[in-house]
Amino acid sequence: MDILTLVGLVAGIAIVIIAMLANASVLTFLNLPGLAIVLGGTFAVTLVRFRLSTVTTSVKLAMRTAFTDRLDRPNDLIREVGELARVVRKDGILGLESHETENPFLQKAINLCVDGHPPEMVEETLAQDIQQTGERYEVAERVFRGIGDSAPAIGMLGTLVGLVQMLNTLDDPASIGPAMAIALLTTLYGAFIAQLIAIPLADKLQLKAEDERRNQLLIVTSIQNILRGQNPRVITEILSSFVHPGQQPSAEASQEA
């Protein structure tokens with residue numbers, strides 16, 4: 001689990017709530033009509049901009065990736081690929097037939113190689129997979145950035161509605177203060193949704209997409225070199241460019257078995 005995402009969201013929400021409770025009660029900041037305007041308006045605008053299926057798929061992708069740390073570390077992939085290269089060097093490509101991995105993209109690459117497809121087809125299939133995965137992340141990121149754009153704007157619309165209602169009651173000075181507070185709450189709700197939920201999740205989706213693309217490119221590069229019969233040690237050296245210089249695999253890990 002990606003604990004930092006959960007900690008960040010909980011901490012951000014908690015800080016705002018604590019600030020609310022400093023000099024007032026939670027009920028002071030609760031206005032159901034204003035909340036309905038922001039939530040309903042944001043949802044409506046999102047449906048106008050995207051298909052419902054796209055929204056639901058994006059939410060599922062965000063929950064599945066933003067809150068989980070399921071991506072393999074590049075060093076782990078390099079070590080596994082090095083072992084695969086040694087197996088191929090010793091037993092040929094069919095030696096990978098019994099190899100199983102938890103990485104679905106790597107498993108797909110292995111299956112394509114074992115099935116005897118030409119290298120060009122293997123590379124093209126994997127490239128298409130990379131493209132489709134990137135597009136799914138991109139759409140999900142756009143959905144959450146759209147929510148981040150819409151929520152404050154809808155909150156401002158709610159504030160304008162509240163101000164109009166307040167101006168209609170200027171003959172009662174005692175009601176101006178409470179009416180103004182209620183009007184401003186919709187702006188608060190919009191900013192809360194955008195800055196504490198939607199935009200951070202969009203940024204996390206972008207980061208996860210970049211990490212997954214890096215791992216997929218690492219796998220494609222390794223498969224290309226394995227199919228060419230490249231030396232396992234050389235493959236490890238080539239793949240080291242995907243790793244931060246301070247985290248590159250040790251010399252022992254790159255040696256042949």
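**Figure 1. Arg86 in helix H4.** Arg86 belongs to helix H4, a helix being a DSSP run of H or I with at least four residues, numbered from the N terminus. The model is predicted, and local features need pLDDT of at least 70, side-chain atom pairs count only at pLDDT 80 or more, and totals for chains, interfaces and linings use all residues. Residues are numbered from 1 along each chain as its sequence is written, and side-chain values use heavy atoms, with hydrogens and water left out. The relative accessible area of Arg86 is 16%, so this residue is buried; with a 1.4 Å probe and protein chains only, buried means under 20% relative accessible area, exposed over 50%, and partly exposed in between. Between Arg86 and Asn231 there are 145 residues of separation in sequence, yet their C-alpha atoms are 8.2 Å apart in space.

**Figure 2. The buried residues of helix H8.** Helix H8 covers residues 232-239, and its buried residues are Pro232, Ile235, Thr236 and Leu239. Viewed down the axis of H8, these buried residues fall within an arc of 100°, so they line one face of the helix. The arc is that of the directions from the helix axis to the C-beta atoms. An α-helix has 3.6 residues a turn, so residues three or four places apart point the same way. The cover over the buried residues of H8 includes helix H4 (74-91) and helix H7 (176-227).

**Figure 3. Phe242 in the segment after H8.** Phe242 is placed in the segment that follows H8. Its relative accessibility is 21%, so Phe242 counts as partly exposed. When neighbours within four places in sequence are left aside, Phe242 is in contact with Pro74, Arg214, Leu217, Leu218 and Thr221, where contact means heavy atoms within 4.5 Å. Phe242 and Val48 are 194 residues apart in sequence, and their C-alpha atoms are 40 Å apart in space.

**Figure 4. Helix H5 and its surroundings.** Helix H5 comprises residues 104-114, and eight of its 11 residues are buried, so this helix is largely enclosed by the rest of the structure. The buried residues of H5 are Phe105, Leu106, Gln107, Ala109, Ile110, Leu112, Cys113 and Val114. They pack against H4, H6 and H7.

**Figure 5. Glu212 in helix H7.** Glu212 is a residue of helix H7. Its relative accessibility is 13%, so Glu212 counts as buried. Which residues does Glu212 contact, leaving aside its neighbours within four places in sequence? They are Arg70, Leu71, Thr133 and Tyr137.

**Figure 6. Met121 in helix H6.** Helix H6 covers residues 119-167 and contains Met121. With a relative accessible area of 37%, Met121 is partly exposed. Met121 and Met156 are 35 residues apart along the chain, and a distance of 53 Å separates their C-alpha atoms.

**Figure 7. Ala174 in the loop between H6 and H7.** Ala174 is found in the loop that lies between H6 and H7. The relative accessible area of Ala174 is 62%, so this residue is exposed. From Ala174 to Ile37 the separation is 137 residues in sequence and 25 Å in space, C-alpha to C-alpha.

**Figure 8. The whole protein as the setting for the close-ups.** The protein contains eight helices and zero strands, a strand being a DSSP run of E with at least two residues. The radius of gyration is 26 Å, well over the 18 Å that the globule rule gives for 257 residues, so the protein is more spread out than a compact globule. This radius is taken over C-alpha atoms, and the globule rule is 2.2 Å times the number of residues to the power 0.38. Along the principal axes of the protein, the C-alpha trace spans about 90 × 35 × 25 Å. Buried residues make up 38% of the 257 residues. Among contacts with a separation of 6 or more, 79% are between residues 24 or more positions apart.
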